[in-house]
Amino acid sequence: MNAGKKPCLSGRGVTKEFGFGRNKTVAVDGVDFDFYEGEIISIVGESGSGKTTLAKMLLGLINATEGDIFFQGKKRNIGSHRKKKEYWKSIQAIFQDPFSSYNTFNKIDSVLLDCIRMRGGGRLPREKKIELMTEACSFVNLKFEELTNKYPFELSGGQQQRLMIARIFLLKPQILLADEPTSMIDACSRTTILDTLMQLRDEIGMTPIFITHDIGLAYYVSDTVYIMERGKFVESGTADQVILNPKKPYTQRLINDVPKIYEEWDLSTV
Amino acid sequence: MGNAVLEVNELTTKYITRFGENIYAVDHVSLKVEEGKSLGIAGESGCGKSTLALSLMGYYFPPLYYTSGQIIIDGQNISGMDPDEVRKAILGKEIAYIPQSAMNALNPTQRIINFIEDVIEAHKPYATKKEIYDQAKSLFEVLGLPAEVLNKYPVELSGGMKQRTVIAISVILSPQILIADEPSSALDVTSQKMVIKMLRNLMDSGLIKSMIFITHELPLLYNVTDDIMVMYAGQIVEKAGAHEMVFTPIHPYSQGLMGSIMVPESGLRDKKLTAIPGVPPNLKNPPSGCRFAERCKYVMPECRVTSIPLRDAGGGRAYRCILPKEFLMEAYERERGER
C-alpha cells in the first residue's frame with residue numbers, strides 16, 4: 001500500500017539498553033519501522049513498554065545503543081549540537097504534561113519568539129513578528145493580546161496545550177511526535193486538540209506520530225498502528241486490521257480490557 | 001420502584017473564598033438512588049462533580065459550606081448535622097467515600113490491617129484484634145483479594161492492588177451507599193477492569209446497596225452504572241438511563257460529551273467527533289440565563305434572560321434546555337453522520 005511513497009523516518013534494529021550487567025534493562029529491543037510521509041502513525045502500548053524511550057531516540061534526545069535511524073532515506077547525523085538543532089527544525093514534539101514543558105521564567109512572547117528565531121526570522125521587523133504570533137495564536141483559538149506579558153503558569157492546562165500547538169504552527173516541522181497529547185485533558189477538550197492537530201497536518205503537510213496508551217484514540221485518528229510490548233513491536237498494520245482483528249494475544253488482551261459501548265464488555269477475563 | 005437509599009432535594013452548597021466571595025459549586029441538585037442501582041455523574045473538570053460527592057456526605061469543613069436542601073439517607077435527614085456527629089454515625093456505616101487518588105493516601109509505615117483496625121475501632125471500640133482480622137480476611141475472600149495483603153505495607157502493592165485494597169477498606173462496615181470519585185483514572189486498562197469487576201462484585205454480593213460513580217470517562221460509566229447524570233457549572237443538565245444517555249443525548253452539552261467518545265469498535269471511525277468550543281463560565285458570578293449559552297450552537301436571545309428549569313422528558317429523563325427534545329435529538333443524529 002505504501003509502494004509509491006518514501007519513508008520519512010525509518011529504523012533498523014534500534015535498541016536502547018539502560019544499565020550494565022545484572023541491572024541491564026532493555027527498554028527498546030531491536031525495532032524496525034518505516035514511517036511514511038503523510039501517514040498518521042500511532043504507537044500504542046502499556047506503561048513501561050518503551051514508547052517514550054523510542055520517542056526520545058527519534059527526537060535525538062538520547063542515543064540508541066545499537067541500530068540506525070534514517071531520516072528521509074539518509075542516515076541521520078546528529079553528532080554535534082549544531083546538527084541537532086538543524087534536525088529539530090524538521091522534527092518537533094508535544095509532550096504529555098504541558099505544565100512542565102515551559103520555562104517558568106520565560107514569558108509567552110519569548111516562547112513564540114524563539115520559534116520564529118528557529119525558523120530564521122530573527123531579523124524580521126517587530127510588526128511582522130507580532131503578526132506571525134497573532135496568526136499562530138488565532139489558529140489555536142487563543143488571543144495573542146491576552147497572552148502577551150503573561151507567564152506560562154497563568155494559563156490553564158488546555159490553553160498551555162494549545163500554545164504548544166501554536167509553537168508547532170510557527171515551526172512547521174515535517175514530523176510531529178505527540179507523546180500522550182491528550183491524557184491530561186478532559187474528554188470534551190480532547191476533540192478540539194485533535195481537530196486542531198489534523199487541521200495543522202493538512203495545512204503544513206506534516207506527518208504526525210501519536211504515542212499513546214489510549215486505543216480508542218489510536219483507532220480513531222491513525223492510518224497505521226504499531227503495538228509495542230516490552231520494547232518490541234508485536235503487531236503493526238492499518239488501524240482496522242490491528243484493532244478490529246488483532247492476531248497477537250497481547251493486542252487482544254489490550255483491546256478486550258478497554259470499555260466498549262456497542263459490544264458487551266467481558267469482565268470475566270481478568 | 002425500589003426503596004430509595006439516598007434522596008437529595010435541592011441541595012445547594014457553596015465555597016467561600018478568602019475574599020468573601022460565594023461560589024455555588026453545587027446548585028439546587030436533586031437526585032435519588034434506589035436500592036441495587038448505581039448512578040454515574042459525568043462532566044468536565046471544574047463542573048462540581050467532586051464537590052457534589054463531598055456535599056452528599058453531609059460532612060462540611062471550610063471553605064465548603066452547606067446552604068440549603070436536604071440529604072435523606074435511609075429515612076434520616078443528615079443535612080445541617082454537626083460534622084462530628086456525621087463522622088461518628090454516618091460515615092463508614094451509611095456512606096463510604098473513596099476520594100480521588102485515595103491509593104496514594106495510604107500511610108507507608110502502616111500495614112494494611114492497621115488501616116482496617118482504625119476503621120473498625122472508631123465505630124466498635126470493643127472489637128479485639130482477632131475479630132477484626134477474621135472479619136477483614138472473610139471480606140477479602142469475598143472480593144477475591146489474597147489474604148496476605150493484610151500483612152503487607154502499601155509500598156509492596158501495585159497500583160491496581162492498592163486501589164482495590166482501598167475500596168475493600170472503605171466497605172468493611174457494609175455501608176448503604178458507596179461514593180467512588182474517579183476510582184480508576186490513574187490505572188492502566190487491565191487494572192481498571194479489575195477495579196470495575198470488584199465494584200460490580202460488591203453490588204452483586206450485597207455488601208453495598210447502591211453506588212455513585214464519578215468519572216469523565218464515559219465508556220466506563222456506561223458499563224458500570226444504571227443511570228447517568230451530566231453536570232455543567234454546578235447544575236444538573238440532564239438525567240437519563242445509561243443507554244439512553246449515551247445513544248440519544250438531549251441537552252447540547254451532553255451531546256457534545258457523548259459525541260467525543262472514542263472507543264475501538266468497528267464503524268466508529270466513520271462517525272464524526274463533536275467538539276465543544278469555549279470554556280465553562282466562572283462560578284463567581286454565573287450568567288443569569290442558561291449557563292451553557294456561551295458555548296451552545298442553538299443559543300437564542302431568550303436563553304440569556306432567566307434561568308432554565310429542569311424539564312421532564314418522559315421515561316424518567318429530564319433536561320435543562322428551552323428547545324423541544326425532538327428538535328435537539330434530530331440535530332444530533334444529523335451532525336453525527338459520516339465524517
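## Two chains, strand by strand

In chain A, strand 1 and strand 2 form a hairpin with six residues between the strands, and A:G19 takes a positive phi near 80° there. The model is predicted. The predictor gives the complex an ipTM of 0.77 and a pTM of 0.84.

Strand 1 covers residues 7–18 of chain A, and strand 2 covers residues 25–36. The two run antiparallel, joined by eight bridges. Within this pair, A:L9 stands opposite A:F35 of strand 2.

Which strand of chain A is joined to strand 1 by five bridges? It is strand 4, residues 66–71, and these two strands also run antiparallel. Here the bridge partner of A:L9 is A:F71.

**Chain A as a whole**

Chain A has ten helices and ten strands. Its radius of gyration is 20 Å, close to the 18 Å that the globule rule gives for 270 residues, so chain A is as compact as a globular protein of that length. The C-alpha trace of chain A spans about 60 × 45 × 45 Å along its principal axes.

How much of chain A counts as buried? The share is 40% of the 270 residues. Contacts can also be sorted by distance along the sequence. Take those in chain A between residues at least 6 apart: 67% of them join residues at least 24 apart.

**Chain B: an open sheet**

Chain B averages a pLDDT of 87, and 99% of the residues score at least 70. Eight of its strands form an open sheet with mixed pairing. The order is 6-7-8-3-9-10-12-11. Strand 6 (95–98) and strand 11 (311–314) of chain B stand at the edges. Each has a single partner strand, so one side of each is left without a neighbour in the sheet. From one strand to the next, the twist averages 20°.

Look at strand 10 and strand 12 of chain B, which pair in the antiparallel sense. B:K239 has B:A318, in strand 12, as its bridge partner.

**Chain B: strands 1, 4 and 5**

Strand 4 of chain B pairs with strand 1 in the antiparallel sense, and strand 4 also runs antiparallel to strand 5. B:I73 of strand 4 stands opposite B:L6, and B:I73 also stands opposite B:Q76 in strand 5. Strands 4 and 5 of chain B form a hairpin with two residues between the strands. In that hairpin, B:D74 takes a positive phi near 55°.

| Strand pair | Residues | Bridges |
|---|---|---|
| Chain A, strands 1 and 2 | 7–18 and 25–36 | eight |
| Chain B, strands 1 and 4 | 4–16 and 64–73 | eight |
| Chain B, strands 10 and 12 | 235–241 and 317–319 | two |

**Where the chains meet**

33 residues of chain B are in contact with 29 residues of chain A. Three helices of chain B give two or more residues to this side: helix 6 (189–204), helix 7 (218–224) and helix 9 (252–258). Which helix of chain B gives the largest share? Helix 6 does, with seven residues. By class, the side of chain B that touches chain A has 17 nonpolar, eight polar and eight charged residues.

Conventions. Residues numbered from 1 in each chain as written. Chains lettered and ligands numbered in written order. Predicted model: local features only at pLDDT ≥ 70, side-chain atom pairs only at ≥ 80, totals over all residues. Pairing = 2+ DSSP bridges. Helix = DSSP H or I, 4+ residues; strand = E, 2+ residues; numbered from the N terminus. Axes fitted to C-alpha atoms, helices over the stretch in contact; angles between N-to-C directions. Contact = placed C-beta atoms within 7 Å. Nonpolar A, V, L, I, M, F, W, Y, C, P; charged D, E, K, R; others polar. pLDDT = per-residue confidence, 0-100. Rg over C-alpha atoms; globule rule 2.2 N^0.38 Å. Buried ≥ 20, exposed ≤ 12 C-beta atoms within 10 Å, placed from the backbone.
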